[in-house]
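Subject: Structure handover

Hello,

Please find the structure below, with my notes after it.

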Amino acid sequence: MGWLFYTDGRVQTYADEKAEIARLCTFEGERRKTELVKACKVGSTWYAAAKVTNIDGTPVEDTTYVTDADGSITFAAVFLTRYDDGCWGYKDMEESAGPVESRAPLSLLALLSDLKDPDSYAQDWRQRCRNWASIPDYKEGDKIRLAAPVTLTDGSTCQIVTATHYRRGRQKRRCYRIEETGGLVRLSKASLAGSELLSSAKGAASPVLAEFLAGRDA
């Protein structure tokens, strides 16, 4: 399915977007109904968990999802969104259609029904979401070894960096100090996948605590 834009200005705010996602995930036919369970926005993408139940109360039979104990199934939907000339638009897809965006939070994944095919697109999508969620949120002063060297714009590479920040106006922006040169570099969250914490800023900032912990480990 392609993009659909609303030209009537009905969607202008975050609340408008969430209400529209809820509407799009709500449907009732002769046999089944679908309702939104949870919706989360990450960047410009909405992730939704939608529950399907049979109106007559019988268990839902589906070729992709394992029926839950209450007879329902819950699947994930991904809504790419953007504003074009003031008009809000979306492009939606179900998780088994192989969406590229894969940053759904673990709290949403926990609501989804199990999958019947361990090698399905949906299984791969869920694992990519888990991989994204597992990327550490490093603290100021943490020393890190990246999983692989990152090539910089000048052609040089870096692999061991320390989390720090710089200021732009009143805002603090996360960056990393390169071990070899002392220069600063911005790194995307994706480049931190598989990285390793070499030393913790928390431990380094408190030698008394570090000595205490060393004594406990002895």
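Predicted model: local features only at pLDDT ≥ 70, side-chain atom pairs only at ≥ 80, totals over all residues.

Residues are numbered from 1 along each chain as its sequence is written, and side-chain values use heavy atoms, with hydrogens and water left out.

The protein splits into domain 1 (4-134) and domain 2 (142-215), with bounds from an automatic or database domain assignment. Their centres, taken over C-alpha atoms, are 35 Å apart.

The largest nonpolar core has 19 residues, of which Ile21, Cys25, Phe75, Phe79 and Trp88 touch the most other members. A nonpolar core here is a set of buried Ala, Val, Leu, Ile, Met, Phe, Trp, Tyr and Cys residues joined through side-chain atoms within 4.5 Å; buried means under 20% relative accessible area (1.4 Å probe, protein chains only). At least two residues of this core come from each of β4 (45-54), β5 (73-84) and β6 (87-94); strands are DSSP runs (E, at least two residues), numbered from the N terminus. Apart from this core lies another, of 15 residues, including Tyr138, Leu146, Val150 and Cys158.

Five strands make an open antiparallel sheet, ordered β10-β9-β8-β7-β11. β10 (184-185) and β11 (196-199) are the edge strands, each pairing on one side only; pairing requires at least two DSSP bridges between two strands. β7 (143-151) and β8 (157-168) pair antiparallel over five bridges, and Val150 has Cys158 in β8 as its bridge partner.

Regards

Note on methods
Buried < 20%, exposed > 50% of the residue type's maximum accessible area, 1.4 Å probe, protein only. Helix = DSSP H or I, 4+ residues; strand = E, 2+ residues; numbered from the N terminus.
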